[in-house]
Amino acid sequence: MTAASATLYETLANVLADDMADREVGFTGLLTGSAAAIWGTGIPVVAMELARRTHAPDLTLLLAGCYHNPDLSVLDRMPDCEHDAQLRDLPAEARTRDYPGQWALKRGDVTFGFSSAVQVDRVGNINSVCIGPHDAPKVRLVGPILQPEHMVCFRREYVMMPRHEPRIFVDKVDFVSGVGFPGGRKGREALGLDWGGPRFVMTPLCIFDFDEEEGAMRVRSIHAGVTADEVRAATGFDLGPLDDVLETPAPSPERLRLIREIVDPRNLLIPNIERAPDARETGADT
Amino acid sequence: MTAGTSKLLSIEDAARSVPDGARVAFGGFAVYQKPMGFVRELVRQGRRGLTVVGSAQSYEVDLLAAVGAIDAVETSYVGLEASGLARQFRRAVEAGRLRVVDYPEMVSWDRFRANLENLPFWPVPFLGGLDIVTTNPAIRRFDCPMTGRIMYAVPPADPDVVVIHALAADERGNVVTPAKYLLPQSQDVLMARACNRVIVTAEKIVDPTYIRRHADHVQIASYQVEAVVELPWGAHPTPALGAYNADPNAYAEWVGAADSDAALEAWLNRYVRIEDNDAYLNAVGGARLARLLDLGDLT
């Protein structure tokens, strides 16, 4: 097994794990649908479990925001509901069943979370409320859900986007349901926001991070086998020069072994190597 | 020990007590333990002009939107989770028949906490930059009188009536919450403590002796409850924790009913425009219901 054989999902989980520190608290929802479940739950859980088994043994994983460090090894399949009998009976260190519960949301107890959206814009605002005007939408979507809290009350946010297209990565979102860096860090301060904001935006083509002074999203790395022109063509706003952007680093052989043999030996979280397509196919797949 | 006064009502009478135009909060959360039997009765009675206020909505709002029973929804989410978008809700909003007031998820809970504490608003410091504020004149910005920092005053949920579905209650309105409850059940408790009018549908009306044996789990006490209704499988097709799981076949039927007007009519004729809840259970079928039982962990 070589590092070159890592799937995109394993590669992203590894990058995320590297960004996590010991004693942090990570919050992930329990998403449904194949792509959303892989990007919104599978990759984040693999990343957190990988971090727990390497440099962050005291990291706390909050599955569905409620189940503290659940024992996934007892599961026959990943749950597809956040608050039903299967989760009630899942062994865990603690279960959140009240609001407010164990973690004090507004005191910043949750270090990082994962969210997805229908639109992301150049300053990192996200939208899951509507396309078109709010009072006469072309498309009505599910609503803000917990995005506002994810992007402000958590200390940082990873935005996981299963698709990378110009209509999704737009100059300005139609409705701000999660605040990025409008006006940079100073802009957030002027809005009265104490901390938090998007750290990475991950797509099938690249990883974005932020110039937090300028408040601009920028390409941090491009995945193996993807060209800068492809990233540019898939993005609805100008990305500036991409000549010096590095390739997204692959996991080490030891990290790959941990993911495949220890963290997700039964492929409950992310598809196995035979079924996992390469980066571009992943984008088309969804 | 006195027998006390029974608050037991028929589902018809309980639903009739919710007038057209009322602000209603349905218990449960997202696709979990929604008082669906009560909602079907509201539709049966042709209720109009309701506003639904809550934290996360699903099948109840989709059904009410399909028949034009609601004018507005104030919440953080309307969707069917694994079954996708709530298509009837979506159509109604896009056609301008239904207004949505969007709130962040935990702020939606905080709005009920404001009512529970009898406060005129709930202070939220983290709404800057959100179109949740720019599209909602009911949220007012103010400067914190202590620190001067930016704050937003969010209006309370202010439901006229709360409707929850529980496993067990006695005739006086003491409601038992299972020991191993989850967030949807604590949402019920919060809502019930935050409103003067609380209607409880229950899987089973139990003897006072049963209530006294579970006193530690009576989180909603009789004096908070206006009416109780015995309504077996009253959350179906959503799950009732400790009694039954979600019914994926019924979910699929509802999703299919959004394919055309004719499909919706057929669905309504089969499941709503019928005699009562017993007729509903017969329409679903006893064999199918029997397979949804939640056995718990048996320890």
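**Exercise 1: Where the chains meet**

In this predicted model, the contact takes 41 residues from chain B and 35 residues from chain A. Find which helices of chain B each supply at least two residues of the side that touches chain A, and sort the residues of that side by type.

*Solution.* Begin with the helices: H4 (87-94), H5 (105-116), H6 (131-134) and H7 (183-192) of chain B each supply at least two residues of the side that touches chain A. Next, sort the residues of that side of chain B: 22 are nonpolar, nine are polar and ten are charged.

**Exercise 2: The build of chain A**

Describe the secondary structure of chain A and work out why it counts as compact for its length.

*Solution.* First, the secondary structure of chain A comes to eight helices and 15 strands. Along its principal axes, the C-alpha trace of chain A spans about 45 × 45 × 35 Å. Finally, 52% of the 286 residues of chain A count as buried.

**Exercise 3: One proline**

Locate Pro204(A) and decide whether Pro204(A) is buried or exposed.

*Solution.* Look in the loop between strand S12 (198-202) and strand S13 (206-211) of chain A, where Pro204(A) lies. A residue is buried if 20 or more other C-beta atoms lie within 10 Å of its own. Pro204(A) has 25 other C-beta atoms within 10 Å, so Pro204(A) is buried.

Definitions and conventions:
Residues are numbered from 1 along each chain as its sequence is written. Chains are lettered from A and ligands numbered from 1 in the order in which they are written. This is a predicted model: local features need pLDDT of at least 70, side-chain atom pairs count only at pLDDT 80 or more; totals for chains, interfaces and linings use all residues. Two residues are in contact if their C-beta atoms, placed from the backbone, lie within 7 Å. Helices (H or I, at least four residues) and strands (E, at least two) are DSSP runs, numbered from the N terminus. Ala, Val, Leu, Ile, Met, Phe, Trp, Tyr, Cys and Pro count as nonpolar, Asp, Glu, Lys and Arg as charged, and the others, Gly among them, as polar. The radius of gyration is taken over C-alpha atoms; the globule rule is 2.2 Å times the number of residues to the power 0.38. A residue is buried if 20 or more other C-beta atoms lie within 10 Å of its own, exposed if 12 or fewer, and partly exposed in between; C-beta atoms are placed from the backbone.
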